[in-house]
Amino acid sequence: MQKNVLNDSTYVLKTIENPDLNTLTFASDGTLSSLGEETEYYRSSKYYKVDSVRFVGQRVGFIAGNTYPAFYQGLTLKADSLTLSPCPDHVCDLVFIKGR
């Protein structure tokens, strides 16, 4: 797992130690759960939806509930990697490796 972090005035990808302790789980029923400090930004989101109609390319929307609109991130799948970006202030730009 990697995370975009601020280094001086630019963002760089940092490898996360113990990636198994930081996970996002996308269930087939549209629910989302997060575990770990590095995925804390997603804690308030309980649901997700993938949308390739309203956007150029696929995006995943994270939904906190009926009160707040979903926030969307780009979604790229390549081999066993899922990349989510960009995110407001880059606080949740992440690269995940599929769990086995």
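**Entry: Asp-8**

I began with Asp-8, which is exposed, with a relative accessible area of 73%. I keep in mind that this is a predicted model. On the chain, Asp-8 sits in the loop between β1 and β2. I also looked up its backbone angle: phi of Asp-8 is near 60 degrees, a positive value in a residue other than glycine.

**Entry: the chain as a whole**

Next I stepped back. How many helices and strands does the chain have? I found zero helices and nine strands. Following the sequence, I read the pattern as β-β-β-β-β-β-β-β-β.

I then checked burial, and buried residues make up 31% of the 100 residues in the chain. The accessible surface comes to about 6,700 Å², with 52% of that belonging to carbon and sulfur atoms. For contacts, I took those between residues at least 6 apart in sequence; of these, 24% join residues at least 24 apart.

**Entry: the hairpin of β3 and β4**

I turned to strand pairs. Strand β3 covers residues 23–26 and strand β4 covers residues 32–35, and the two pair in the antiparallel sense over four bridges. I looked for the partner of Thr-23 in β4 and found Leu-35. Five residues lie between these strands in the hairpin, where Gly-30 takes a positive phi near 90 degrees.

**Entry: β6, β7 and β8**

On one count, β7 runs antiparallel to strand β6 (residues 59–63), with four bridges joining them. On another, five bridges join β7 to strand β8 (residues 81–85), again antiparallel.

Which residue of β7 is the bridge partner of Arg-59? I found Gly-74. I followed Gly-74 onward and saw that it stands opposite Ser-85 in β8. The hairpin of β7 and β8 has two residues between the strands, and in it Ala-79 takes a positive phi near 55 degrees.

**Entry: the rings**

I searched for aromatic pairs and the structure holds seven. I opened the pair of Tyr-41 and Tyr-42: their ring centres are 5.9 Å apart and their planes stand at 80 degrees, so I noted the pair as edge-to-face. The cut-off I needed here is that planes over 60 degrees apart count as edge-to-face.

Are these two tyrosines buried or exposed? Tyr-41 is partly exposed, with a relative accessible area of 34%, while Tyr-42 counts as buried at 1% relative accessibility.

I stayed with Tyr-42 and looked at its pairing with Phe-71. The ring centres of Tyr-42 and Phe-71 are 6.2 Å apart and the planes are at 35 degrees, so this pair is tilted. Tyr-42 lies in the loop between β4 and β5 (47–51) and Phe-71 in strand β7, so the pair ties together parts that are 29 residues apart in sequence.

I then listed the cluster that ring pairs build: Phe-26, Tyr-41, Tyr-42, Tyr-48, Phe-62 and Phe-71 are linked in it.

**Entry: Asn-22**

I found Asn-22 in the loop between β2 (10–15) and β3. With a relative accessible area of 8%, Asn-22 is buried.

What does the side chain of Asn-22 reach? I noted the backbone nitrogen of Glu-38 at 2.9 Å. A polar atom of the Asn-22 side chain also lies 3.1 Å from the backbone nitrogen of Glu-37. Leaving out residues up to four places away in sequence, I listed the residues that Asn-22 touches; among them are Met-1, Ile-16, Leu-35, Thr-39 and Phe-96. Glu-37 and Glu-38 are also included in that list.

**Entry: the salt bridge**

My last search was for charged pairs. Side chains of opposite charge can pair when their charged atoms come close. How many salt bridges does the whole structure hold? The search finds one. Glu-38 forms a salt bridge with Lys-3, and the closest N and O atoms are 3.2 Å apart.

I placed both residues on the chain: Glu-38 lies in the loop between β4 and β5 and Lys-3 in strand β1 (residues 2–7), so the pair ties together parts that are 35 residues apart in sequence.

Methods. Residues numbered from 1 in each chain as written. Predicted model: local features only at pLDDT ≥ 70, side-chain atom pairs only at ≥ 80, totals over all residues. Heavy atoms only, no water. Pairing = 2+ DSSP bridges. Buried < 20%, exposed > 50% of the residue type's maximum accessible area, 1.4 Å probe, protein only. Contact = heavy atoms within 4.5 Å. Areas by Shrake-Rupley, 256 points an atom, 1.4 Å probe, with all protein chains shown as cover. Phe/Tyr/Trp six-rings, centres within 6.5 Å; stacked < 30°, edge-to-face > 60°. Polar contact = N/O pair within 3.5 Å; in protein donor to acceptor, adjacent residues only side chain to side chain. Salt bridge = Lys/Arg side-chain N within 4 Å of Asp/Glu carboxyl O.
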